[in-house]
Protein chains: 2
Amino acid sequence: MQRYSKGARAERELLDILKEKGYVVVRAAGSGVNSISPDLVAIKNNKVYAFECKFWDRSNLSLEKDKIHYLKEIQKQGVISFVAWKIPRLGWFLIEPKEFEEQKKNYSISKKKVLEMNRSLDLL
Amino acid sequence: MQRYSKGARAERELLDILKEKGYVVVRAAGSGVNSISPDLVAIKNNKVYAFECKFWDRSNLSLEKDKIHYLKEIQKQGVISFVAWKIPRLGWFLIEPKEFEEQKKNYSISKKKVLEMNRSLDLL
């Protein structure tokens, strides 16, 4: 439960940051039947962003294959997709779906690579 | 409870129709704290739509002032906003926020006017 509530708190934090920046933000409903969704959708100046939020304290971030495929799929409709990783003590980092590497059972990216890219929310 | 579940069913129906039409659709999380949201956000070909869904069997449809103001507000960021009214036995009708008339306590529009405009989901 604690992990869930920390994740939910991180998602709410990102939502508030985006609103501060002038985005219209919609939080997606929890796991619907047969539906994958991003956690947040944000819109500003005719641009649409989708965010999958993660709050993990590990040396690698991994995501289900379905999630990465979905984020890539919606890019075809003009959605700018990001995985937003909140790394404890370091803040938020944006990762493009294509930057994850396919593994046998999921997609993953190392914290090292994410820190090197250093793509912060200032880019939004 | 019955009214809620019929409303939820109508919302799910609209979601499925939009998906069939090739839209990426995100259902918004239920009444968040201090947050107004549309029921559905749909994206296709770089265009973003927001829908407030209603399933009412009355001669007038009314919406809270906050909701109409929100739908008008997000249009400034490029969101195409609609109230989607499912009228029993007649189907879905799209209404623009500006087409509602301000009343003392809410905004409303008559079924008569909506049927005259006859704006169906075929327009999407």
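This is a predicted model: local features need pLDDT of at least 70, side-chain atom pairs count only at pLDDT 80 or more; totals for chains, interfaces and linings use all residues.
Start with chain A. Its secondary structure comes to three helices and eight strands. Along the sequence, the order is α-β-β-β-β-α-β-β-β-β-α. The radius of gyration is 14 Å, close to the 14 Å that the globule rule gives for 124 residues, so chain A is as compact as a globular protein of that length. The C-alpha trace spans about 35 × 35 × 30 Å along its principal axes.

Now contacts and burial. Of the contacts in chain A with a separation of 6 or more, 57% join residues 24 or more positions apart. Buried residues make up 46% of the chain's 124 residues.

Next, the surface. Chain A has an accessible surface of about 6800 Å², and carbon and sulfur atoms hold 46% of that. On charge, there are 24 positive and 16 negative side chains in chain A. The centres of those two sets lie 2 Å apart.

On to the core. In soluble globular proteins, nonpolar side chains tend to be buried together. Here the largest nonpolar core has 48 residues. Which have the most contacts inside it? They are A:Leu61, A:Ile95 and A:Phe100, along with B:Leu61, B:Ile95 and B:Phe100. Take A:Phe100. Beyond its neighbours within four places in sequence, its contacts include A:Leu61, A:Ile95, A:Val83 and A:Tyr107.

Last, B:Glu11. This residue sits in helix H1 of chain B, residues 2–20. Is B:Glu11 buried or exposed? Its relative accessible area is 12%, under the 20% cut-off, so B:Glu11 counts as buried. Setting aside residues up to four places away in sequence, B:Glu11 touches B:Arg27, B:Asp39, B:Leu40 and B:Cys53.

Terms used. Residues are numbered from 1 along each chain as its sequence is written. Chains are lettered from A and ligands numbered from 1 in the order in which they are written. Side-chain values use heavy atoms; hydrogens and water are left out. A nonpolar core is a set of buried Ala, Val, Leu, Ile, Met, Phe, Trp, Tyr and Cys residues joined through side-chain atoms within 4.5 Å. Buried means under 20% relative accessible area, exposed over 50%, partly exposed in between (1.4 Å probe, protein chains only). Contact means heavy atoms within 4.5 Å. Helices (H or I, at least four residues) and strands (E, at least two) are DSSP runs, numbered from the N terminus. The radius of gyration is taken over C-alpha atoms; the globule rule is 2.2 Å times the number of residues to the power 0.38. Accessible areas come from the Shrake-Rupley method with a 1.4 Å probe; for residues, only the protein chains shown count as cover. Lys and Arg count as positive and Asp and Glu as negative; His and the chain ends are not counted. The place of a charge is taken as NZ of Lys, CZ of Arg, CG of Asp or CD of Glu.
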